[in-house]
Amino acid sequence: MPPRRAADPTMDDTVRLARPPRKSRAKPLLIGAAALLALLILAIAGWLALRPTPYPLAGETTIFRHVSPHFTVFRFRDDPLILVVDCPDLHAQGLMFDRVAALIEKADAPKNRVLSEAAFHARLAAAKLTIGSYYYGDDYPAHALREFFRLAAAEHLALNPEETHLRAIAQRSGFLRPGANGAVISIPQAGPSHRVSLRARAVILRHELSHGAYFTIPAYHRYVHHFYNTVMTPQEQQAFQSFLVRQGYDPGYHGLIVNETLAYLIFTRDREFFRASAVGLPRATITTLRRKFVAHMPDIWLKPLATAPLPTER
């Protein structure tokens, strides 16, 4: 066995307590990391809940062929800033969009307030129209939707369920944020019970997509106004304005008249919806205007649709 250590005279018999062990910092660090992770998870969950959730992308043919008894929303594949609301029928479409149309487009409705349900129905009756025949398709930029919902809230005006759904669509897409760019267009389902043929659905979709491009693509917006102001004669402009006013469009909204003029002239090539005689112009004039417009269009996704055949089969 090893020898004993000699006694140290400087040591007394006082019992020395062992130095307490140093506290480990690992446990607090782990707790702190766990708390930070929990906060991060909560932050991500909150962001996911609040951020605009994208709707599925789809092209013109896919949207045209879609069949559903419910409202369905697509982002247009070639321009995701355009939302396409596929409505169950004309009546459902009207319930969602007609009062927006009255505020933004109709000449006989106030522009500083949203019509009440009673006042709107009175105007429908006076015009011998129904909710389903007010419009066959709709198109509105994000700022127009913001104005509609702002005015409705300021007036404490109750929204119907379809308008509430539209507000949710716009909010989910971020269109209600100040300055947000985007457009919402709509089309009705086709079928004998819907009073819309397959060809009419295709025509409406093509027409409304052109409006969507006008709202979301600045270069196309500028081109439309340039063509209207410099290529079309005053007589041709007046012919289209008269045609649109007869349909109830507000002539005081110049951008609306320009936008609709080119949508009918270029993207509504169907005699059921538009013909040269409807505007009192020779067919040759319409053909020449179309040719000139397409020849100098910006090279965007809309250009091929100016001449492409319509999708006509599901």
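**View 1. Tryptophan 301 and its contacts in the predicted model.** Beyond its neighbours within four places in sequence, tryptophan 301 is in contact with Phe76, Asp78, Asp79, Ile82, Leu209, Ala213 and Ile217. Contact means heavy atoms within 4.5 Å. Numbering runs from 1 along each chain as its sequence is written, and side-chain values use heavy atoms, without hydrogens or water. Because this is a predicted model, local features need pLDDT of at least 70 and side-chain atom pairs count only at pLDDT 80 or more, while totals for chains, interfaces and linings use all residues.

**View 2. The largest nonpolar core.** The core has 84 residues. Tyr220, Leu262, Phe293, Trp301 and Leu302 touch the most other members. Helix α10 (residues 254–267) gives the most to this core, 8 residues. A nonpolar core is a set of buried Ala, Val, Leu, Ile, Met, Phe, Trp, Tyr and Cys residues joined through side-chain atoms within 4.5 Å. Buried means under 20% relative accessible area, exposed over 50%, and partly exposed in between (1.4 Å probe, protein chains only). Helices (H or I, at least four residues) and strands (E, at least two) are DSSP runs, numbered from the N terminus.

**View 3. The open sheet.** Its 5 strands follow the order β1-β2-β3-β5-β4, with mixed pairing. β1 (57–58) and β4 are the edge strands; each has a single partner, so one side of each lacks a neighbour in the sheet. Two strands pair if DSSP finds at least two bridges between them. Strand β3 (residues 82–87) and β5 run parallel, joined by 6 bridges. Valine 84 stands opposite isoleucine 185 in β5. Helix α7 packs on the sheet and touches β2 (72–76), β3, β4 and β5. The direction of α7 makes about 175° with that of β5. Axes are lines fitted to C-alpha atoms, for helices over the stretch in contact, with angles from 0 to 180 degrees between N-to-C directions.

**View 4. Strand β4, covered on both faces.** Asp138 and Tyr140 are buried on one side of β4 (residues 138–141). Asp139 and Pro141 are buried on the other. β4 pairs with β5 (residues 183–188) in the antiparallel sense, over 4 bridges. Aspartate 139 has isoleucine 185 as its bridge partner in β5.

**View 5. Helix α3, kinked and capped.** A kink of about 50° is centred on phenylalanine 97 in α3 (residues 90–104). The bend at a residue is the angle between axes fitted to the seven residues ending there and the seven starting there. Aspartate 89 caps the N-terminal end of α3, placing a side-chain oxygen 3.1 Å from the backbone nitrogen of histidine 91. Of the 15 residues in α3, 13 are buried. The helix lies across β3, β4 and β5, at about 45° to β4.

**View 6. Positive phi at histidine 156 and arginine 195.** Most residues other than glycine have a negative phi. Histidine 156 has phi near 55°. Its loop lies between α5 (142–154) and α6 (161–172). Histidine 156 counts as exposed because its relative accessibility is 75%. Arginine 195 has a phi of about 60°. Arginine 195 is exposed, at 54% relative accessible area.

**View 7. Glutamate 272 in a loop.** Glutamate 272 is found between α10 and α11 (276–279). At 58% relative accessibility, glutamate 272 counts as exposed. Glutamate 272 and alanine 200 are 72 residues apart in sequence, yet 8.2 Å apart in space, C-alpha to C-alpha.

Conventions
A polar contact is a pair of N or O atoms within 3.5 Å; within protein, one must be able to donate a hydrogen and the other to accept it, and residues adjacent in sequence count only if both atoms are side-chain atoms.
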